[in-house]
Amino acid sequence: MYAEQAIAMITGGASGLGLAMAKRFATGGYTTIIIGRNAERLRQAKEQIGAHAFTYAFDLTHFDAIPDLVQSILNDHGHIDVLINNAGIHLKKPMQDIQNEEFIRVIQTNLIAPFVLSREVARHMLERQQGHILHISSMAAQYGIPQVMAYTAAKAGIEGMTRAMAVELSPHGIRVNCIAPGFIETDMSTGALDNDPERKERVLKRTPMGQLGCPNDVAEAAFFLSSPAARYITGEILRVDGGNAIGF
Ligand code: NAI
């Protein structure tokens, strides 16, 4: 599928699932470009990923600057084969306490930024008639989880957008998929679960595999979905959840 040096661009690649994906793509032979807000964390991530990692410090809610970001990556590296829209923020609060600005911030980061970045990268991928765009959703898109109203709205939007993008782009050689991670051990989930032992117990009880996932579980799925082995898979929402969604 990719004749030249393959290049993967991963947002939020300096921590958690993004870092695990960046490592997996790097060991799989990709040049790996990671985007994040914090230059020092990016530097530390690059050290872990190795020589084939390149970092761009950028806040993805600066939508108007995204076209320039993509252009500078293209100037530096020539092309983009894989875009992974992984960056995200969480907000846990009862709905009656959520301020407008907080809701907007979650939607901007978790839904609008992936759209704007996908649009800009898709323009480039359309010229090459190839590529893979991967979104990261959540069980919150599939269940009604209390106290994560804005996050749920954004992630449900990402799943819908995966299907809408897949039908527009797949005829042009660009596949679009989504991974819906279950409960995976990262800083984000630790924050959401460790302060709430009751919720953690409930998660584990209804997960047939009886354990939280690790970031590499998601990274392996992302690598597979981006590989030629998945050439006939598009518009898919793949759960990586230890069976959580089918647990009773
Ligand atoms: P994390 O908090 O470790 O990583 C999120 C990354 O996104 C961070 O590096 C952060 O700096 C970056 N980011 C946030 N806002 C940004 C912005 N405006 N511009 C640039 N970068 C920004 O969290 P984790 O767990 O690795 O989450 C990654 C993705 O996986 C998120 O989309 C999250 O919603 C999703 N997810 C995680 C689950 C879990 O159990 N850990 C479960 C379901 C979904």
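This is a predicted model: local features need pLDDT of at least 70, side-chain atom pairs count only at pLDDT 80 or more; totals for chains, interfaces and linings use all residues.

Student: Which elements give two or more residues to the lining of the largest pocket?

Tutor: You'll find α1, α2, α4, α5 and α6 (187-194) there, along with the strand β2 (31-36). Helix α6 provides the largest share, five residues.

Student: How does the lining of the largest pocket divide into nonpolar, polar and charged residues?

Tutor: It has 20 nonpolar, 17 polar and seven charged residues.

Student: Okay, now cavities. How are they told apart from pockets?

Tutor: A pocket is open, while a cavity is a space where the probe fits but cannot get out. Counting those of 30 Å³ or more, this model has two cavities.

Student: What is the volume of the largest cavity, and which residues line it?

Tutor: Its volume is about 40 Å³. Around the largest cavity sit N85, N86, A87, N110, P114, I136, K155 and I158. Two helices, α4 (100-128) and α5 (149-169), each give two or more residues to that lining. Sorted by class, the lining of the largest cavity holds four nonpolar residues, three polar ones and one charged.

Student: What about the second largest cavity: which residues line it?

Tutor: The second largest cavity holds about 30 Å³ of space. Its lining is T11, L60, N85, A87, T109, A113, P114 and L117. Helix α4 gives the most here, four residues. This lining has five nonpolar residues, three polar ones and no charged ones.

Student: Helix α4 came up there, so let's move to helix packing. At what angle do the axes of α4 and α5 cross?

Tutor: For a pair of helices, look at the distance between the axes, then the angle. The axes of α4 and α5 cross at roughly 15° and come within 8 Å. Angles under 35 degrees count as roughly parallel, and therefore α4 and α5 are roughly parallel to each other.

Student: Is the crossing of α4 and α5 left-handed or right-handed?

Tutor: It's right-handed. On the α4 side, the contact is made by F103, V106, I107, N110, L111, P114, F115, S118, A122 and L126. From α5 come M149, A150, Y151, A153, A154, K155, G157, I158, M161, M165 and L169. By class, the contact of α4 with α5 has 17 nonpolar, three polar and one charged residues.

Student: How far apart are the axes of α1 and α2?

Tutor: They are 10 Å apart, and helix α1 (residues 16-27) packs against helix α2 (residues 39-49) at an angle of about 35°. The crossing of α1 and α2 is right-handed.

Student: Which residues of α1 and α2 meet?

Tutor: L19, A22, K23 and A26 of α1 face A45, Q48 and I49 of α2. The contact of α1 with α2 comes out as five nonpolar residues, one polar and one charged.

Technical notes. Residues are numbered from 1 along each chain as its sequence is written. Side-chain values use heavy atoms; hydrogens and water are left out. On a 1 Å grid over the protein atoms alone, a cavity is a set of points where a 1.4 Å probe fits but cannot get out, and a pocket is an open set with protein on both sides within 12 Å along at least five of seven lines; lining residues have an atom within 4 Å of a point. Grid points are joined across faces, edges and corners, and a volume is the space filled by probe spheres set on the points. Ala, Val, Leu, Ile, Met, Phe, Trp, Tyr, Cys and Pro count as nonpolar, Asp, Glu, Lys and Arg as charged, and the others, Gly among them, as polar. Axes are lines fitted to C-alpha atoms, for helices over the stretch in contact, and angles run from 0 to 180 degrees between N-to-C directions. Angles under 35 degrees count as roughly parallel, over 145 as roughly antiparallel, 65 to 115 as roughly perpendicular and the rest as oblique. A crossing is left-handed if the near helix is turned anticlockwise from the far one by less than a right angle, and right-handed if clockwise. Contact means heavy atoms within 4.5 Å.
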